[in-house]
Amino acid sequence: MAFRSRREKLRSILSGGTCVHPGSVYDAISIRIAEDLGFPLGMFGGSVASLAVLGDPDVTLITLTELAEQMRRMSRASALPVLVDADHGYGNALNVRRTVQELETAGAAGLTIEDTLLPAAFGETKTQLISVEEGIGKMKAALGGRSDPSLVIMGRTGAAAITSIDDAIRRAKAYEATGVDALFFTGIKSRAELEAVASATRLPIVLGGASEELNALHHLTSQRVRIALQGHAPIAAATQAVYETQKALREGMAPKSLEGLASSELMARVMRESDVKTRSADLLGPKK
Ligand SMILES: O=C([O-])CC(=O)C(=O)O
Ligand SMILES: [Mg+2]
């Protein structure tokens with residue numbers, strides 16, 4: 001299986017003894033940069049997928065086909081293992097199975113399925129959760145949808161910030177019992193909440209959402225957190241850089257006076273230009 005070694009790397013992070021930060025990745029360029037900088041994995045968030053593909057906020061407008069195609073582009077560009085935020089699995093439990101099939105063939109190393117009611121329901125101003133029974137069905141569907149057993153399936157809940165920490169624990173225990181590989185929590189804000197969740201469960205933990213109180217790697221490690229997200233700053237930095245550059249050009253600055261551009265060395269590395277040159281020499285013949 002072409003993607004097995006990526007999945008095994010993600011598994012070794014989950015079964016290892018330390019907590020790591022993923023690189024936030026969303027396209028072929030960002031994943032290659034994350035790989036070159038030595039990140040052990042990439043996180044492909046639903047929010048950055050929506051932004052990179054559609055220019056939209058994270059309100060479930062992106063389709064599964066678009067998400068999977070963006071994952072495929074990243075898999076082609078880099079061998080870095082990627083954890084994909086597969087939201088609610090793009091529908092009910094039957095859709096979850098299809099989502100897993102598509103993301104597996106697109107080369108994801110792992111994916112999260114969450115128990116949020118998506119897209120937002122009519123008349124609701126607050127985020128809602130589906131029932132734990134429906135959540136269990138989605139986890140089972142995800143596990144049954146894999147053809148490669150090394151693909152990592154994570155059960156995810158945001159209950160800590162929507163209902164209560166006790167509900168987050170109840171849901172996490174129910175998802176753990178289905179056989180998922182790890183638990184992904186958003187909305188956990190304090191050390192006490194994390195400790196309550198960690199002591200009630202046994203699987204490796206992934207934490208989404210950066211909270212000030214939860215940034216000490218040794219504490220996260222001691223609570224079985226193996227991956228801690230740090231938000232999605234790179235796409236915000238890229239947006240600012242494009243804004244500044246276009247603004248300067250629009251205001252009449254000469255291209256050679258622009259600041260903050262990637263050097264030709266960095267551009268060549270991102271494009272894997274030396275590999276392309278080698279292949280050109282091998283396949284297209286020497287320059288006359
Ligand atoms: O998974 C993440 O990176 C956090 C999240 O839900 C998103 O960005 O859509
Ligand atoms: Mg998301």
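**Overall fold, ligand shell and annotated positions**

Of the contacts in the protein that link residues at least 6 apart in sequence, 67% are between residues at least 24 apart. The structure is a predicted model, and its secondary structure comprises 13 helices and 8 strands. The radius of gyration is 20 Å, in agreement with the value near 19 Å that a compact globule of 288 residues would have. The C-alpha trace extends over about 70 × 45 × 40 Å along the principal axes. Of the 288 residues, 38% are buried.

Ligand 1 is surrounded by Met 43, Gly 45, Gly 46, Ser 47, Asp 58, Asp 85, Gly 208, Leu 229 and His 232. Classified by residue type, this shell consists of 5 polar, 2 nonpolar and 2 charged residues.

An unreviewed UniProt entry assigns the annotation "binding site" to Ser 47, Arg 156 and His 232. Among these annotated residues, Ser 47 and His 232 also belong to the shell around ligand 1. Ser 47 is located in helix H3, which covers residues 46–54. Ser 47 is classed as partly exposed because it has 19 C-beta neighbours inside 10 Å, whereas burial requires 20 or more. When residues up to four places away in sequence are excluded, Ser 47 touches Asp 58 and His 232. Both of these contact partners are listed in the ligand 1 shell as well.

Arg 156, which carries the "binding site" annotation in the UniProt entry, lies in strand S5, formed by residues 152–157. Arg 156 counts as buried because 28 C-beta neighbours are found inside 10 Å. Beyond its neighbours within four places in sequence, the contacts of Arg 156 are with Thr 112, Ile 113, Glu 114 and Phe 184.

Ala 159 is placed in helix H7, a segment of residues 159–162. Ala 159 is buried, since 26 other C-beta atoms lie within 10 Å. With neighbours within four places in sequence left aside, Ala 159 is in contact with Leu 129, Asp 167, Ala 168 and Arg 171. One of these partners, Arg 171, is 12 residues from Ala 159 along the chain, and the C-alpha atoms of the two residues are separated by 8.1 Å.

How values were computed: Residues numbered from 1 in each chain as written. Chains lettered and ligands numbered in written order. Predicted model: local features only at pLDDT ≥ 70, side-chain atom pairs only at ≥ 80, totals over all residues. Near = placed C-beta within 6 Å. Nonpolar A, V, L, I, M, F, W, Y, C, P; charged D, E, K, R; others polar. Helix = DSSP H or I, 4+ residues; strand = E, 2+ residues; numbered from the N terminus. Buried ≥ 20, exposed ≤ 12 C-beta atoms within 10 Å, placed from the backbone. Contact = placed C-beta atoms within 7 Å. Rg over C-alpha atoms; globule rule 2.2 N^0.38 Å. UniProt positions renumbered as here; feature names shortened; annotations may be inferred.
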